[in-house]
Number of protein chains: 2
Amino acid sequence: MRNIALLVSYDGAAYYGYQSQPGGNTVQNKLEEAILKLSGEEVRLTGSGRTDAGVHAQGQVVNFYTASSIPAERWALALNSRLPDDIVVLAAAEVPEAFHARRSAVRKTYRYAINSFRFPDVFARTRVFHHPAPLRFAAMREGLSHLLGEHDFSSFTSPLSTKPHHIRTLYEASFTVERTGPGGEASGRGVGYLTVTGNGFLYNMVRIIAGTILQVGEGKRPPSAMADILAARDRAEAGPTAVPHALTLWEVEYGPAWALDWRSPYI
Amino acid sequence: MRNIALLVSYDGAAYYGYQSQPGGNTVQNKLEEAILKLSGEEVRLTGSGRTDAGVHAQGQVVNFYTASSIPAERWALALNSRLPDDIVVLAAAEVPEAFHARRSAVRKTYRYAINSFRFPDVFARTRVFHHPAPLRFAAMREGLSHLLGEHDFSSFTSPLSTKPHHIRTLYEASFTVERTGPGGEASGRGVGYLTVTGNGFLYNMVRIIAGTILQVGEGKRPPSAMADILAARDRAEAGPTAVPHALTLWEVEYGPAWALDWRSPYI
């Protein structure tokens with residue numbers, strides 16, 4: 001059996017999340033159905049992790065075992081012609097037997113998009129959270145800096161989490177403003193991205209970080225509150241869980257030992 | 001009666017175009033319904049021009065007469081709360097009685113988006129034409145340069161055109177590549193925009209220009225063919241009408257005499 005890894009992009013708006021469900025309408029279900037149509041095999045995909053209903057992916061990674069002799073570089077094109085147009089396989093690669101999309105991952109990056117202009121951008125309305133009032137971008141950055149490093153993130157996960165512990169390491173937690181109106185960043189009006197990179201994320205973790213840092217941006221909490229919330233290890237201390245449609249699983253990274261060599265989708 | 005102009009952005013995917021139809025589901029219908037809900041008036045909107053089914057607008061301009069005393073700057077917010085989320089009024093301004101969104105317009109700009117990477121971008125699939133093979137960007141630019149200036153554009157309009165003549169002036173006809181993969185523009189792979197600015201556009205004119213310049217990009221015609229096609233004044237000489245979903249009415253400009261002072265949507 002060969003082990004094939006796929007780099008997958010999807011618009012999550014129409015799906016009940018990534019993970020397979022008996023009901024059916026998930027990204028994993030659609031990918032497994034496309035593989036069945038292509039190779040006749042009923043495979044079980046392993047994803048790098050779940051994404052919630054409505055959450056998007058720029059670079060989700062999945063792997064599966066196949067007896068098919070289809071060359072790795074053919075899988076992307078062949079699957080795309082069998083997938084709905086809101087799921088695209090960007091690249092495929094044959095990987096060592098031991099490669100596991102979730103367990104082999106060493107870093108993951110998520111991005112949460114926020115628009116603080118008065119009016120929404122109609123073309124981005126399904127991927128950006130519209131917050132129609134100015135935000136204190138500098139305070140948001142300062143607040144996020146408290147999350148860097150290894151911490152117990154119990155305050156930033158759902159009480160439904162079933163993980164044995166909530167210690168995770170964040171390597172990056174930044175807020176980048178990509179576009180502003182007159183007055184620049186000081187106006188508090190712009191389209192920006194919260195980007196977090198870590199060794200793993202708990203259930204709802206990025207959305208709770210987003211909901212809490214928005215309160216810092218609104219001036220409802222000082223930036224230092226982020227450190228206090230972490231220390232409390234209590235979900236009730238953090239802000240609300242921000243809406244899912246503005247969240248994108250951006251990138252999943254694997255160690256160099258796997259020599260994961262995606263054929264570029266850009267060629 | 002006061003004359004109110006609106007700057008309107010819409011995602012055209014769900015509509016039978018801009019212009020009102022007996023069937024109903026057009027952008028003009030939705031705007032008129034929102035005005036009725038807000039002010040109780042059955043107004044008849046004047047748009048700067050039609051957009052076809054599926055075509056988008058970044059900056060469509062419309063005007064209407066009202067007896068309402070709602071201040072101009074309130075219209076945008078008040079209408080947005082009564083509009084579907086794929087239509088957004090970005091700004092509103094009170095204009096002189098003689099202002100007419102179509103007749104007063106002096107320049108219009110359209111943008112046609114093309115992706116020549118192997119795979120589509122799922123997040124832009126409803127607004128970008130996917131052409132999964134390399135394009136000769138430099139040849140496309142050279143071809144477009146033949147369209148600049150005043151010409152009879154009969155070859156670039158539908159035989160259904162009912163205009164008294166087909167002479168129009170193009171001030172800009174460019175192709176900008178915004179993002180490329182490895183190898184840069186020479187690879188022929190990228191996401192780019194055909195931008196045309198003129199004093200007016202005929203029925204299907206931009207989509208026929210797009211369909212023809214794509215043939216130049218594919219190497220099926222030399223850039224100089226654009227001049228020959230113009231000279232022929234025969235629709236059959238040009239290429240196909242490109243798909244509507246990649247076309248956006250980008251901007252409508254009015255002379256300085258109107259002193260059109262939109263309140264910025266960015267504040």
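In which sense do strand 7 and strand 8 of chain A pair, and over how many bridges? To find out, select residues 149–152 and residues 167–180 of chain A, which are strand 7 and strand 8 respectively. The two strands pair in the antiparallel sense, over four bridges. The model on display is a predicted one.

**First stop: the paired strands**

Within this pairing, select A:His151 and look across to strand 8 of chain A, where A:Arg168 stands opposite. For a reference point here, select A:Thr176; its bridge partner in strand 9 of chain A is A:Tyr193.

Residues 8–102 of chain A are 23% helix and 26% strand, and the C-alpha atoms at the two ends are 14 Å apart.

Select A:Asp52, which UniProt lists under "active site" in an unreviewed entry. This residue lies in the loop between strand 2 (46–47) and strand 3 of chain A. Now display what surrounds it. Apart from neighbours within four places in sequence, A:Asp52 is in contact with A:Gly17, A:Tyr203, A:Asn204 and A:Arg207.

Which residue forms a salt bridge with A:Asp52? The partner is A:Arg207, and the closest N and O atoms of the pair are 2.9 Å apart. The pair links distant parts of the chain, since A:Arg207 belongs to helix 4 (residues 205–217) of chain A and A:Asp52 to the loop between strand 2 and strand 3, 155 residues apart. Over all chains, the whole structure has 16 salt bridges.

Show both chains and select the residues in contact: 33 of chain A meet 33 of chain B. The area buried between the chains is about 2,800 Å², and carbon and sulfur atoms give 62% of that area. Four salt bridges are counted between chain A and chain B. To view one of these contacts, select A:Arg125 and B:Asp85, which form a salt bridge with their closest N and O atoms 3.4 Å apart.

Finally, highlight the elements of chain A that each give two or more residues to the side touching chain B: strand 1 (2–10), strand 3 (56–66), helix 2 (72–80) and strand 4 (87–95). Coloured by class, this side of chain A shows 17 nonpolar, six polar and 10 charged residues.

Key
Residues are numbered from 1 along each chain as its sequence is written. Chains are lettered from A and ligands numbered from 1 in the order in which they are written. This is a predicted model: local features need pLDDT of at least 70, side-chain atom pairs count only at pLDDT 80 or more; totals for chains, interfaces and linings use all residues. Side-chain values use heavy atoms; hydrogens and water are left out. Contact means heavy atoms within 4.5 Å. Buried area is the accessible area (1.4 Å probe) that two parts lose on being put together, summed over both. A salt bridge is a side-chain nitrogen of Lys or Arg within 4 Å of a carboxyl oxygen of Asp or Glu. Ala, Val, Leu, Ile, Met, Phe, Trp, Tyr, Cys and Pro count as nonpolar, Asp, Glu, Lys and Arg as charged, and the others, Gly among them, as polar. Two strands pair if DSSP finds at least two bridges between them. UniProt positions are given in the numbering used here, feature names are shortened, and annotations may be inferred rather than shown by experiment.
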